[in-house]
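Subject: Structure for your set, with notes

Hello,

Here is the structure I said I would pass on. My notes follow below it.

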Amino acid sequence: MLITFEGLDGCGKSTQLHRLADRLQRLGYRVTIVREPGTTPLSERLRHLLLEGPTDIVPLAELFLFNAARAQLVETVLRPTLEAGTIVLCDRFADSTTAYQGYGRGLPLELVLTCNRIAVGEIEPTLTFFLDVPVELAIQRHGIPDRMERAGPAFFERVRQGYWEIARREPQRVIPIDGTRSPDAIHAEIWEHVRPHLPLEQAL
Ligand SMILES: Nc1ncnc2c1ncn2[C@@H]1O[C@H](COP(=O)(O)OP(=O)(O)OP(=O)(O)O)[C@@H](O)[C@H]1O
Ligand SMILES: [Mg+2]
């Protein structure tokens with residue numbers, strides 16, 4: 001089972017991912033944590049390029065670089081780990097590319113979705129938590145901006161609205177969560193969504 005965490009930088013993805021991982025591990029589940037872009041050596045190098053690299057990466061190049069990192073992650077980590085029955089928690093996944101490169105940068109949505117589909121193949125998250133916070137709060141929580149974040153508030157408004165579009169289109173998979181509440185309250189809500197999907201045989 002693949003569970004992904006989405007939303008603006010600073011929305012609380014990593015906080016919630018680690019809380020869920022801890023709880024699952026305490027119950028005896030095997031859990032693997034991955035992040036996008038990144039995790040594999042190649043994908044981490046691409047992450048560095050994308051987040052700290054030259055400022056003149058054109059949107060189409062960005063789309064391909066994110067999906068190159070993703071293809072490497074899917075093939076070498078996600079598919080084998082999921083096939084082994086391990087629960088995988090992923091900090092960002094293909095929806096990030098739809099939200100940022102599609103809605104944010106304005107690349108044609110069909111192109112972005114096609115490119116994402118090529119990179120992920122048959123891998124699909126069972127659940128995706130979209131942690132929604134206002135842009136100002138995300139920026140405030142996040143601190144020093146990286147290359148993507150220097151794009152400005154209007155860009156992030158489009159990304160945020162993009163995530164809402166994605167959630168509206170796939171309501172069974174994508175769960176919008178009010179990320180302005182306490183970490184405890186958010187975790188409790190996430191847990192209620194995850195619980196029904198847990199494989200029984202692994203639990204203690
Ligand atoms: N629900 C919350 N309420 C208040 N502060 C929070 C909450 N969740 C996380 N934070 C704090 O906000 C900051 C960003 O949280 P976190 O790193 O989990 O977000 P993120 O979405 O993973 O961001 P990034 O994109 O930078 O990795 C951290 O300092 C964290 O402690
Ligand atoms: Mg994080």
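A residue counts as buried here when its relative accessible area is under 20%, as exposed when that area is over 50%, and as partly exposed in between. By that cut-off, six of the six residues of strand S4 are buried, so S4 is largely enclosed by the rest of the structure. Please keep in mind that this is a predicted model.

The sheet

S4 belongs to an open sheet of five strands, paired in parallel and ordered S2-S3-S1-S4-S5. The edges are strand S2 (31-35) and strand S5 (174-178), each of which pairs on one side only. On average, neighbouring strands of this sheet are turned by 20 degrees against each other, direction ignored.

- S2 is joined to strand S3 (residues 87-91) by five bridges, and the two run parallel. Val31 stands opposite Ile87 in S3.
- S3 and S1 pair in the parallel sense over four bridges. Here Ile3 has Leu89 of S3 opposite.
- S1 and S4 are joined by four bridges and run parallel.
- S4 and S5 run parallel, with five bridges between them. Asp132 has Asp178 as its bridge partner in S5.

In a regular strand the side chains alternate between the two faces of the sheet. In S4, Leu127, Phe129 and Leu131 point one way, Thr128, Phe130 and Asp132 point the other way, and all are buried.

Helices

Helix H8 (residues 183-194) lies across strand S1 (2-6), strand S4 (127-132) and S5, and runs at about 160 degrees to S4.

Helix H3 (residues 59-83) packs with helix H4 (residues 94-104) at an angle of about 175 degrees, and their axes are 11 Å apart. That angle makes H3 roughly antiparallel to H4. On the H3 side, the residues that meet H4 are Pro59, Glu62, Leu63, Phe66, Asn67 and Arg70; on the H4 side they are Ala94, Thr97 and Gln101. By class, this contact has four nonpolar, three polar and two charged residues.

In soluble globular proteins, nonpolar side chains tend to be buried together. In this model the largest nonpolar core has 35 residues, and those with the most contacts inside it are Leu20, Leu24, Leu89, Phe129 and Ile190. Helix H7 (residues 153-169) gives the most to this core, with six residues. Leaving aside its neighbours within four places in sequence, Leu89 is in contact with Ile3, Phe5, Leu17, Leu20, Ala21, Leu24, Val31, Thr32, Ile33 and Val34. Apart from this core lies another, of 13 residues, among them Val77, Leu78, Cys90 and Ala94.

Asp178

Asp178 lies in strand S5, and if neighbours within four places in sequence are left aside, Asp178 is in contact with Asp132 and Ile186. Asp178 and Cys11 are 167 residues apart in sequence, while their C-alpha atoms are 9.6 Å apart in space.

Backbone points to look at

- The peptide bond from Glu36 to Pro37 is cis, with omega near -15 degrees. Pro37 is found in the loop between S2 and helix H2 (41-52).
- Thr39 is found in the loop between S2 and H2. Although Thr39 is not a glycine, its phi is positive, at about 85 degrees. With a relative accessible area of 33%, Thr39 is partly exposed.
- Arg92 lies in the loop between S3 and H4. Its phi is near 75 degrees, again a positive value in a residue other than glycine. Arg92 counts as buried, at 10% relative accessibility.

Regards

Key:
Residues are numbered from 1 along each chain as its sequence is written. Chains are lettered from A and ligands numbered from 1 in the order in which they are written. This is a predicted model: local features need pLDDT of at least 70, side-chain atom pairs count only at pLDDT 80 or more; totals for chains, interfaces and linings use all residues. Side-chain values use heavy atoms; hydrogens and water are left out. Two strands pair if DSSP finds at least two bridges between them. Axes are lines fitted to C-alpha atoms, for helices over the stretch in contact, and angles run from 0 to 180 degrees between N-to-C directions. Contact means heavy atoms within 4.5 Å. Angles under 35 degrees count as roughly parallel, over 145 as roughly antiparallel, 65 to 115 as roughly perpendicular and the rest as oblique. Ala, Val, Leu, Ile, Met, Phe, Trp, Tyr, Cys and Pro count as nonpolar, Asp, Glu, Lys and Arg as charged, and the others, Gly among them, as polar. A nonpolar core is a set of buried Ala, Val, Leu, Ile, Met, Phe, Trp, Tyr and Cys residues joined through side-chain atoms within 4.5 Å. Buried means under 20% relative accessible area, exposed over 50%, partly exposed in between (1.4 Å probe, protein chains only).
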